[in-house]
Amino acid sequence: MNLNDAPQRIRWLTVAILVGLAVIISILDATGNLDAAFGVLRDPLTAVLRITSGGADTVAGALSGPRDLEAARAEIAVLQAQVDDLERENEELREIQGEYQLLLDLFNRARQTPEYTRQTASVIGRDTSPAIDSIIIDKGSDDGVRVGMPVESARGLVGRVFRTTGRSAQVALITDNASAIPARLGNSRATGLLRGGELGGSLLMDWIDLKYQVEVGEVALTSGLGGEFPQGIVIGRVIEVNRSEAELSQQALVQPATDFDSLEVVFVITDFQPLDVDIFSNPPGN
Amino acid sequence: MRLGIYVAIPVMLVLAVLQTAVLPRFPILGLVPQLSFLVALSWGLLRGLEEGLVWGFIAGLTLDLFSIGPLGATAVAYMAAILVVSGLVRALPENRFFIPVLMAVVGSAVYLFVYLLFVRLLGFASSVETAVTLAPLIVLNAGFMLPVYWLIYWLDRLIHPRRVEL
């Protein structure tokens, strides 16, 4: 036995053990066997996220408004204390206006589709993987949020709840690679499948029948086909149409109505029952 | 090695929280630098393959807690990148400025390739277009590598002070 080989053997043993462990964890997680165990870990981490996210908002707000700050300084020099008071009052009013706008949006969404109950949630984090588009919200199974529930913003569809813990949930966005939503266009009534993963965060509507004359500017809505989303939720607007007579179908590029970069508050539709299509995948009698 | 692991766990947890809650508010080219990866890579360059792998494993697992991707996928990809970089760095001359940046480029490319391949094998969607969209991340990581590397160099010196014989 050559003792000089020992460190080399230990090194490759470490590599083998770590890679093996990671692969086993991945497989267990993909088959849903680790949800309970890691849910316990994720909950306290979510509490930390909530605090950190609040701090980050404050810093981002301060950094995004240097021009206002400079303007305010110039005014203070001229009008001194009086303007200072007015500025403070103005800031308070803006805060109230923001809250009012949020409540108004929520009210409007609820009025448009009164048949659905919504749970308001704050966005507290984003997916750490650059290849996956998802967000973390501060409402979980304790608040009635369940896997598969549709999530929307005041402007349009956001995605679907992918995983929940007691106090948080991860939402897969419609811009993610894996996202495929049956959609309908507002004017032409053409149907197709909206897929994520396009450059610049846009969506590609595929399998549109050539008989439809799709126009730029048409609104894309959920069609309700497949039973995963309620019918009629705004997704976005057509910005480009790719029509070729040589193809069997045409495609349209859709810009999502929701600005995912500045998304702060979302609504989870809690009483929509997704259709269970698994019964069609099992042969009768099984 | 053991001390390094005890340091790695809190460091990687803090970085994972930063990565999910803070950095996405300040995106560059629509992307955020992967600080956890750069820290693990720097540790591997400074402390050797084994410690680098352990740091990569912990970094990957903590990040996957905040992702809808399969748990462990990032750990596999990080370890693959550190493994390749550790093999490559032996063939290159020692340099504390150029080499870390070059290794960040190579490591990020290997990470992206292995991650996209691995998640695809587990049934998640990934494509060549995804890889093209994420290519600027390689440049972004390279841009952040030097400050991270020197910070880790300082941390390493703090944890493992060099013995000087008089």
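The dialogue below turns to the interface and then to the salt bridges.

Author: This is a predicted model, in which local features need pLDDT of at least 70, side-chain atom pairs count only at pLDDT 80 or more, and totals for chains, interfaces and linings use all residues. Residues are numbered from 1 along each chain as its sequence is written, chains are lettered from A and ligands numbered from 1 in the order in which they are written, and side-chain values use heavy atoms, with hydrogens and water left out.

Reader: How many residues of chain B are in contact with chain A, and what area do the two chains bury between them?

Author: The size of an interface is often given as the accessible area lost when the parts come together. Buried area is computed with a 1.4 Å probe and summed over both parts; contact means heavy atoms within 4.5 Å. Here 46 residues of chain B are in contact with 48 residues of chain A. The two chains bury about 3,900 Å², 73% of it on carbon and sulfur atoms. B:Arg25, B:Ile68 and B:Leu71 supply 19% of the area that chain B buries against chain A, more than any other three residues.

Reader: Which parts of chain A does the salt bridge of A:Arg163 and A:Asp29 tie together?

Author: The side chains of A:Arg163 and A:Asp29 meet at 3.6 Å, N to O. Helices (H or I, at least four residues) and strands (E, at least two) are DSSP runs, numbered from the N terminus. A:Arg163 lies in strand E4 (residues 157–164) and A:Asp29 in helix H1 (residues 6–30) of chain A, so the pair ties together parts that are 134 residues apart in sequence.

Reader: Is A:Arg163 buried or exposed?

Author: Buried means under 20% relative accessible area, exposed over 50%, and partly exposed in between (1.4 Å probe, protein chains only). A:Arg163 is buried, at 10%, and A:Asp29 is buried at 8%.

Reader: Which residues are linked with B:Arg47 in a network of salt bridges?

Author: B:Arg47, B:Glu51 and B:Asp156 form that network. B:Arg47 and B:Glu51 meet at 3.5 Å, N to O; B:Arg47 is partly exposed at 27% relative accessibility, while B:Glu51 is buried at 8%.

Note on methods. Salt bridge = Lys/Arg side-chain N within 4 Å of Asp/Glu carboxyl O.
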